[in-house]
Amino acid sequence: MTDANRNPWVVGVSGASGTPYAAAVLRGLLDAGESVDLVVSRASRLTLLDETGIAFRDAHWRDDLRDWLGRGADGKPDAFRADVTDVRHWAAGDLAAGPSSGSYPVKGMLIVPASTACVAGVALGLSKDLLQRTASVTLKERRKLVVAVRETPLNGQTLRHLVALDEAGAVVLPASPAFYSGATHIQDLVDFVAGRVLDAAGVPHRLYRRWEGELGGSRAD
């Protein structure tokens, strides 16, 4: 796909625990044939290293991303195969990057996972890094912004920030797995949250079994 025809989703990864959620969303977007612009915050690299052992490096981001997306939620390598050809990576400190401007064409932005610090920064319009700046641009351009907040419990300050994001037009989506889809593995719980993020973005997927109005349906299999 040429740059002129490219219309990606921006995926922002903040420092909250939950890097498997981000990996599942990225795989889902790529499987759906979507282009992706990726912003991995500095704090999220520490979380990624802690949760997966992967050091995400700007100079080797494609290899590191392929390794990351290949891992299951249980940390085992080579559980998935992902074609990262149509992923563009922007350094978190690059405030001159494409997504920092409203004239740069994107479909919207998914922040997965979103830390409370990230939520506060976006709600207050701080734009301290490319992730926050892109989120602010997404809101001002009236594009889709999905914020998958991953924290518990939530204090009043964070709740007020989440209300502010909702009022600004964002979709506030807590990373809360459900069990009606018949989860039997940690990956199923991760995929449910990732699937709900993609639902909010309007991206088709088959990451989880949908509710069909039948009690016990998830146990019928």
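A pocket here is an open set of grid points with protein on both sides within 12 Å along at least five of seven lines, and its lining residues have an atom within 4 Å of a point. Keep in mind that this is a predicted model.

**Exercise 1.** Work out which residues line the largest pocket, and which helices they come from.

*Solution.* 
Step 1: Start with the space itself, which comes to about 190 Å³.
Step 2: Now find the lining. It runs through Ser 14 and Gly 15, then Ser 41, Arg 42 and Ala 43, then Ser 115, Ala 117 and Cys 118, and finally Lys 128, Asp 129, Leu 131 and Gln 132.
Step 3: Helix 2 (42-52), helix 4 (116-124) and helix 5 (130-140) each give at least two lining residues.
Step 4: Sort the lining by class, and you get four nonpolar, five polar and three charged residues.

**Exercise 2.** Describe the second largest pocket: its space, its central residues and its make-up.

*Solution.* 
Step 1: The second largest pocket holds about 150 Å³ of space.
Step 2: It has 14 lining residues, and the closest to its centre are Pro 20, Glu 51, Thr 52, Gly 72 and Ala 73.
Step 3: Helix 1 (19-31), helix 2 and helix 7 (186-201) each contribute at least two residues to this lining.
Step 4: By class, the lining splits into six nonpolar, four polar and four charged residues.

**Exercise 3.** Find the cavity of 30 Å³ or more and say what surrounds it.

*Solution.* 
Step 1: Count first: the structure has one cavity of 30 Å³ or more.
Step 2: About 30 Å³ of space lies in the largest cavity.
Step 3: Look around that cavity and you'll meet Pro 99, Ser 101, Tyr 104, Val 106, Thr 134, Val 137, Thr 138 and Arg 143.
Step 4: Four of the cavity's lining residues are nonpolar, three are polar and one is charged.

**Exercise 4.** Explore the largest nonpolar core, then zoom in on Leu 29.

*Solution.* 
Step 1: The core has 38 residues, and those touching the most other members are Leu 29, Leu 38, Leu 65, Trp 68 and Leu 110.
Step 2: Several elements give two or more residues to this core, including strand 1 (9-13), strand 2 (36-40), helix 3 (61-70) and strand 4 (108-114). Helix 1 supplies the largest share, eight residues.
Step 3: Set aside the neighbours of Leu 29 within four places in sequence. Leu 29 is then in contact with Trp 9, Val 11, Glu 34, Val 36, Leu 110, Leu 198 and Val 203.

Conventions. Residues are numbered from 1 along each chain as its sequence is written. This is a predicted model: local features need pLDDT of at least 70, side-chain atom pairs count only at pLDDT 80 or more; totals for chains, interfaces and linings use all residues. Side-chain values use heavy atoms; hydrogens and water are left out. On a 1 Å grid over the protein atoms alone, a cavity is a set of points where a 1.4 Å probe fits but cannot get out, and a pocket is an open set with protein on both sides within 12 Å along at least five of seven lines; lining residues have an atom within 4 Å of a point. Grid points are joined across faces, edges and corners, and a volume is the space filled by probe spheres set on the points. Helices (H or I, at least four residues) and strands (E, at least two) are DSSP runs, numbered from the N terminus. Ala, Val, Leu, Ile, Met, Phe, Trp, Tyr, Cys and Pro count as nonpolar, Asp, Glu, Lys and Arg as charged, and the others, Gly among them, as polar. A nonpolar core is a set of buried Ala, Val, Leu, Ile, Met, Phe, Trp, Tyr and Cys residues joined through side-chain atoms within 4.5 Å. Buried means under 20% relative accessible area, exposed over 50%, partly exposed in between (1.4 Å probe, protein chains only). Contact means heavy atoms within 4.5 Å.
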